[in-house]
Amino acid sequence: NGELHLGHALSALVGYEQARAAGGRFLLRMEDIDAARTRPEFVAGIFEDLRWLGLDWEEPVLFQSSRMPAYRSAAQRLQGLLYPCFAARSEMEVAVRRGERDPDGAPLYPGLWKGRPQRDIDDARAAGRRPAWRIDMAAALRAAAAILRGRPLAFVELDPGGAPQRVEARPERWGDAVVVRKDVPTSYHLAVVVDDAWQGVTHVTRGRDLYAATDLHRLLQVLLGLPEPVYRHHRLIEDSDGRKLSKGARDTSLRSLRERGVGADEIRRRVGVA
């Protein structure tokens, strides 16, 4: 849903080098579930930018927009742990005033629709409102504990030198997170764990900004009976104000740098992967 910047270059290069060092496959996935913001020209630009950096990948590229039936099936397997939530954005102001937030900084869901009687749900549907489906975190943690039989909910994180360490997962920090969005039959969290398993992913390499999301991903993997990959969350590239680069803030794109005559080798030096 936008042009790649230096932060994306770092992530792609770190993942590519890790795959080569392990004798593995480097996979490119188009996480295009947000149909309202996805544009064909951005997809084409991603291919162009990554090839310019000297990367290649296994074909065919997986487009998540083609995988909706798989996500629906996974959500159905979680039934009993999910509940519909019709809360509007304005209703979330309650959480803002309470000051409780999830690891992403978003208002922590205050349970507005948790335990609501069926008549309220029927009335909302009759009014044409569409629900998001949230995970009942307390129930999900109990279910995961029963599956793990005393083993801790945790994941393996590789440090910059490649040494593994077992990290406790704390998905409760996310509260009753959205697992299925109102507009599409999945969320980022559900889609990536389903696709990681389907593609046989053994090592997930991504930015440190997604470190906390791994807590929720491990919970979903346990509940769905999916394999556990190894994770590496690399450093982020920040601007002079200490803010991570983002597409939304229109940080300098790889395309614009290329058009200014900056070479791929210079990009590698700038991101510290020479």
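## The largest cavity

The largest cavity is lined by Val193, Asp196, Ala197, Val201, Gln221, Leu226, Pro227 and Pro229. A cavity is defined on a 1 Å grid over the protein atoms alone, as a set of points where a 1.4 Å probe fits but cannot get out, and lining residues have an atom within 4 Å of a point. The model is a predicted one, in which local features need pLDDT of at least 70 and side-chain atom pairs count only at pLDDT 80 or more, while totals for chains, interfaces and linings use all residues. Residues are numbered from 1 along each chain as its sequence is written, and side-chain values use heavy atoms, with hydrogens and water left out.

The space in the largest cavity is about 30 Å³; grid points are joined across faces, edges and corners, and a volume is the space filled by probe spheres set on the points. The count comes to 1 cavity of 30 Å³ or more. Helix H7 gives the most to the lining of the largest cavity, with 3 residues. Helices (H or I, at least four residues) and strands (E, at least two) are DSSP runs, numbered from the N terminus. By class, this lining has 6 nonpolar, 1 polar and 1 charged residues. Ala, Val, Leu, Ile, Met, Phe, Trp, Tyr, Cys and Pro count as nonpolar, Asp, Glu, Lys and Arg as charged, and the others, Gly among them, as polar.

## Leu226

Leu226, one of the residues lining the largest cavity, is found in the loop between H8 and E9. Leaving aside neighbours within four places in sequence, Leu226 is in contact (heavy atoms within 4.5 Å) with Val193, Val194, Ala197 and Gln221. Between Leu226 and Ala106 there are 28 Å in space, C-alpha to C-alpha, and the two are 120 residues apart in sequence.

## Packing of H3 with H7

Two packed helices are described by the angle between their axes and the distance between the axes. Helix H3 (residues 68-77) and helix H7 (residues 188-198) have axes that come within 10 Å and cross at roughly 105 degrees. Axes are lines fitted to C-alpha atoms, for helices over the stretch in contact, and angles run from 0 to 180 degrees between N-to-C directions. H3 and H7 are therefore roughly perpendicular to each other; angles under 35 degrees count as roughly parallel, over 145 as roughly antiparallel, 65 to 115 as roughly perpendicular and the rest as oblique.

On the H3 side, Ala70, Tyr71, Ala74 and Ala75 meet Leu190, Ala191, Val194 and Asp195 of H7. The residues of this contact divide into 7 nonpolar, no polar and 1 charged.

## Packing of H6 with H8

Helix H6 (residues 137-148) packs against helix H8 (residues 213-224) at an angle of about 60 degrees, and their axes are 9 Å apart. That makes H6 oblique to H8. The crossing of H6 and H8 is left-handed, a term for a near helix turned anticlockwise from the far one by less than a right angle, clockwise being right-handed.

From H6, the contact is made by Met137, Ala140, Leu141, Ala143, Ala144, Ile147 and Leu148, and from H8 by Leu216, Leu219, Val222 and Leu223. By class, the contact has 11 nonpolar, no polar and no charged residues.

## The second largest pocket

The second largest pocket holds about 230 Å³ of space. A pocket is an open set of grid points with protein on both sides within 12 Å along at least five of seven lines. Of the 16 residues lining this pocket, Pro160, Arg232, His233, His234 and Arg235 are the closest to its centre.

Helix H1 (6-21), strand E5 (154-158), strand E6 (164-168) and strand E9 (230-234) each supply at least two residues of the lining, and E9 gives the most, with 3 residues. The lining has 7 nonpolar, 4 polar and 5 charged residues.

## Backbone exceptions

Most residues other than glycine have a negative phi, and most peptide bonds are trans. Arg149, in the loop between H6 and E5, has a positive phi of about 55 degrees although Arg149 is not a glycine. Glu59 and Pro60 are joined by a cis peptide bond, with omega about 0 degrees. Pro60 lies in the loop between helix H2 (40-52) and strand E2 (62-63).
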